[in-house]
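Please look over the sequence and the structure before reading on.

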Amino acid sequence: MANLTVTISTDVLQRARLRAMQQGTSVNALIRSYLEAFADADRVAESRRALVDLSERTASGSGREGRTWTRDELHDR
């Protein structure tokens, strides 16, 4: 795992440490989590686009064939 040096004001760091402690975590864990989400944002967006595309291409996802489902069919009754 790599190390990263970040320069921020002492006041910001103190407030961040306090909030992190209140949430039962650390500033390091918060920054790591943010950077992981930031780095994966393109993959998440692409996955969402693929899911929407798949939904639009299927009859049950778009309702193009006019098919409606009954409550019993949806709940396997």
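**Basis of the report**

This is a predicted model, in which local features need pLDDT of at least 70 and side-chain atom pairs count only at pLDDT 80 or more, while totals for chains, interfaces and linings use all residues. Residues are numbered from 1 along each chain as its sequence is written, and side-chain values use heavy atoms, with hydrogens and water left out.

**Overall chain and confidence**

The chain has four helices and zero strands, and its pattern along the sequence reads α-α-α-α. Helices (H or I, at least four residues) and strands (E, at least two) are DSSP runs, numbered from the N terminus. Of the 77 residues in the chain, 3% count as buried; buried means under 20% relative accessible area, exposed over 50%, and partly exposed in between, with a 1.4 Å probe and protein chains only.

The predictor's confidence in each residue is given by pLDDT, on a scale from 0 to 100. The chain averages a pLDDT of 86, and 88% of the residues score at least 70. Among the elements of the chain, helix 1 has the highest mean pLDDT (97), whereas helix 3 (residues 59-62) has the lowest (56). Where pLDDT is low, the predicted coordinates should not be read in detail.

**Helix 1**

How far apart are the end C-alpha atoms of helix 1? They are 18 Å apart, which agrees with the 18 Å that the 13 residues of helix 1 (residues 10-22) should span at 1.5 Å a residue. The expected span of a helix is 1.5 Å times one less than its number of residues. Just after helix 1, glycine 24 takes a positive phi of about 75 degrees.

**Salt bridges**

Side chains of opposite charge can pair when their charged atoms come close. A salt bridge is a side-chain nitrogen of Lys or Arg within 4 Å of a carboxyl oxygen of Asp or Glu, and by this rule the count comes to four. The table includes three of these pairs.

| Salt bridge | Closest N and O atoms |
|---|---|
| Arginine 15 and aspartate 11 | 3.0 Å |
| Aspartate 40 and arginine 43 | 2.4 Å |

Arginine 15 and aspartate 11 both lie in helix 1, four residues apart, about one turn of the helix. Aspartate 11 is partly exposed, with a relative accessible area of 44%.

Aspartate 40 and arginine 43 both belong to helix 2 (residues 27-57) and are three residues apart, about one turn of the helix.

Arginine 49 and glutamate 46 are three residues apart in helix 2, so about one helical turn separates them. Arginine 49 is partly exposed, with a relative accessible area of 49%, and glutamate 46 is partly exposed at 43%.

**Aromatic pair**

The structure holds one aromatic pair. The rings of tyrosine 34 and phenylalanine 38 have their centres 6.0 Å apart and their planes at 20 degrees, so the pair is stacked. Rings of Phe, Tyr and Trp (its six-membered ring) pair if their centres lie within 6.5 Å; planes under 30 degrees apart count as stacked, over 60 as edge-to-face and the rest as tilted. Tyrosine 34 and phenylalanine 38 both lie in helix 2, four residues apart, about one turn of the helix, and both are exposed.

**Largest pocket**

The largest pocket has a volume of about 660 Å³. Of the 22 residues that line this pocket, the closest to its centre are Val6, Val27, Asn28, Ile31 and Arg32. On a 1 Å grid over the protein atoms alone, a pocket is an open set of points where a 1.4 Å probe fits, with protein on both sides within 12 Å along at least five of seven lines, and lining residues have an atom within 4 Å of a point. Grid points are joined across faces, edges and corners, and a volume is the space filled by probe spheres set on the points. Helix 1 and helix 2 each supply at least two residues of the lining of the largest pocket.
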